[in-house]
Amino acid sequence: MEFDIVIVGAGPSGLAAAIRLKQLCQEHDKDFTVCVVEKGSEVGAHILSGAVLEPRALNELFPNWKEMGAPVDVPVSDEKFLFLKENDKHISWPTQFLIPQQKNHGNYIISLGNLCRWLAEQAENLGVEIFPGFAASEILYGEDGTVKGIATGDMGIGRDGEQKPTYQPGYELHAKYTLFAEGCRGSLGKILMEKFELRKDCDPQHYGIGIKELWDVPAENHQEGLVVHSAGWPLDKSTYGGSFLYHLNNNQIAIGFVIGLNYQNPHLSPFDEFQRFKTHSAIKKYLEGGKRVSYGARALNEGGLQSVPKLSFPGGALIGCEAGFLNLPKIKGSHTAMKSGMIAADVFFEKLNTGSQGGEDVTYFQEAYKNSWIYDELYRARNTYPAFHKWGLTGGVLFTGIDQILFRGKLPVTLRVKEPDNETLKPAAQCEKIEYPKPDGKISFDKLSSVFISNTNHEEDQPIHLKLNDVAVPIEHNLAIFAEPAQRYCPAGVYEIIREDDGDNPRLQINAQNCVHCKTCDIKDPTQNINWVTPEGGGGPNYPNM
């Protein structure tokens with residue numbers, strides 16, 4: 001199938017790019033063809049974010065979005081910031097002393113998945129073709145090595161690699177330009193960065209793992225529009241992380257926990273830290289008497305400006321969280337992701353409008369990004385992650401306060417972190433074991449019941465999409481040195497050490513059907529031995545209102 005533009009991923013950036021392209025077509029009386037492929041069973045099925053939306057990009061894309069019925073209708077009405085301590089103690093930080101980047105006046109509490117569903121409707125109304133349930137599994141190259149599109153994965157392949165009766169071959173989607181908007185740690189984006197050396201002039205990307213639940217709570221526990229963030233307990237002062245608690249409408253609360261994947265103790269379990277966090281009295285009071293209705297997890301970029309790669313390559317570009325535009329002190333990236341897609345649309349429409357047949361490296365996209373408000377935001381926020389990485393919670397807070405309040409993000413120094421997240425673990429023998437309390441089934445829960453309410457489903461008789469470069473590494477290296485941290489950093493119980501013959505023959509079992517596509521294993525595995533690739537299209541979680 002031939003298109004002018006193919007976009008991989010129906011998240012905020014991909015949909016914003018598609019919409020802007022078609023808006024430009026209308027303005028200039030053109031009819032360039034635009035296609036979006038999405039691995040989720042429907043648009044929004046794999047979208048997970050906090051989320052508080054800064055509407056700046058949405059205002060630019062659709063100035064009348066309120067009249068159009070966008071699902072953005074819970075303005076932030078109040079906010080709190082808590083420093084949690086042990087023994088149910090906490091300190092409430094006065095909001096007037098929050099750094100400007102953290103203040104949420106004028107922002108909205110939303111379901112990002114629902115916003116993407118709405119954006120998809122607008123895109124289709126403009127003539128964009130959207131193919132949900134089709135996973136882009138391969139990059140297609142021309143004879144000259146330029147990107148000429150993607151291929152979707154075959155369906156109906158058995159675990160043994162043979163075709164089943166349900167076999168359907170994938171599709172080749174050819175394009176003059178292909179925009180990759182897979183989100184954080186995209187599987188094809190990794191390949192592009194290596195092939196075209198897009199990361200040679202930037203720092204390693206750094207990541208966090210975000211784990212989220214959606215709760216129905218009693219009306220007396222709910223305050224529509226309230227935003228609560230916290231730092232501190234249960235994490236130690238050297239481990240970067242924090243929480244969010246957002247009061248949506250209809251007596252629902254979105255609650256989540258983010259832990260930087262640069263943590264050092266291999267005994268740490270992000271999932272269990274989140275469950276423990278909810279038992280703090282300052283947090284538990286919002287959830288008591290309520291019911292947990294959904295669960296999910298997703299990695300997020302935290303590296304900021306210093307970690308943004310070269311964005312263009314021959315035949316296309318990286319947009320959104322594929323490249324890493326999250327503003328860390330704001331704890332927001334949807335607005336920057338959308339804007340990056342819109343900038344790409346402007347640039348590549350201009351190329352098509354000159355009669356280009358594609359294939360070239362449109363380096364002007366990098367310049368357009370650097371002249372945008374995305375770059376300005378990331379520049380002002382550039383030292384936040386390195387400060388917390390270098391000096392922990394206390395030092396990070398002090399430095400960020402000075403940087404953001406006194407200097408407005410324009411300190412004449414740029415801090416850098418050259419160590420990738422997979423190299424930060426210490427040997428298990430050098431670290432204290434962490435004893436996590438058993439879940440009570442009311443406030444705290446186990447992994448398997450959590451995966452169940454994520455509506456995760458994969459065709460079990462398909463090739464495992466979590467590939468090991470060396471099958472010996474998990475036992476001979478990871479288990480021996482790090483007590484195999486995959487058992488703990490995975491928030492879905494995908495990785496298990498099974499001990500047989502009285503414990504003398506441990507082996508790694510991969511429960512791929514549990515995978516919620518968070519990508520943590522692809523990031524945190526100490527030797528980068530795990531490679532996450534796309535399973536059959538339509539597989540994975542199916543998030544409602546997340």
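Two strands pair if DSSP finds at least two bridges between them. Keep that in mind as you go through this predicted model.

**Stop 1: strand β1**

Select residues 2–8, strand β1. Six of its seven residues are buried, so β1 is largely enclosed by the rest of the structure. Click on Val 6: opposite it in β2 stands Cys 35. Next, trace the chain from β1 to β2. The path goes through helix α1, residues 12–28, and this β-α-β crossover is right-handed.

β1 has another partner to show. Select residues 172–180, strand β12. For one example, pick Ile 7, whose bridge partner in β12 is Leu 179.

**Stop 2: two residues of helix α1**

Select Leu 21, which lies in α1. Is Leu 21 buried or exposed? Its relative accessible area is 3%. The cut-off for buried is under 20%, so Leu 21 is buried. Which residues does Leu 21 touch, leaving aside neighbours within four places in sequence? Show Ile 5, Ile 7, Val 34, Ala 345 and Phe 349.

**Stop 3: the seven-stranded sheet**

Now turn to an open sheet with mixed pairing. Its seven strands come in the order β5-β4-β14-β15-β16-β13-β17. Find the edges: β5 (90–93) and β17 (291–301). Each has a single partner strand, so one side of each is left without a neighbour in the sheet. On average, neighbouring strands here are turned by 20 degrees against each other, direction ignored.

Select β13, residues 207–216. Ten bridges join β13 to β17, and the two run antiparallel. Within that pair, Tyr 207 has Asn 301 of β17 as its bridge partner.

**Stop 4: helix α6**

Finish with residues 270–277, helix α6. This helix lies across β4, β13, β14, β15, β16 and β17. Against β16, α6 runs at about 135 degrees. How many of the eight residues of α6 are buried? Seven are, and the helix is mostly covered. Among them are Phe 271, Phe 274 and Phe 277.

Terms used. Residues are numbered from 1 along each chain as its sequence is written. This is a predicted model: local features need pLDDT of at least 70, side-chain atom pairs count only at pLDDT 80 or more; totals for chains, interfaces and linings use all residues. Side-chain values use heavy atoms; hydrogens and water are left out. Buried means under 20% relative accessible area, exposed over 50%, partly exposed in between (1.4 Å probe, protein chains only). Helices (H or I, at least four residues) and strands (E, at least two) are DSSP runs, numbered from the N terminus. A crossover is right-handed if, with the strands pointing away from the viewer, the path from the first strand over the helix to the second runs clockwise. Contact means heavy atoms within 4.5 Å. Axes are lines fitted to C-alpha atoms, for helices over the stretch in contact, and angles run from 0 to 180 degrees between N-to-C directions.
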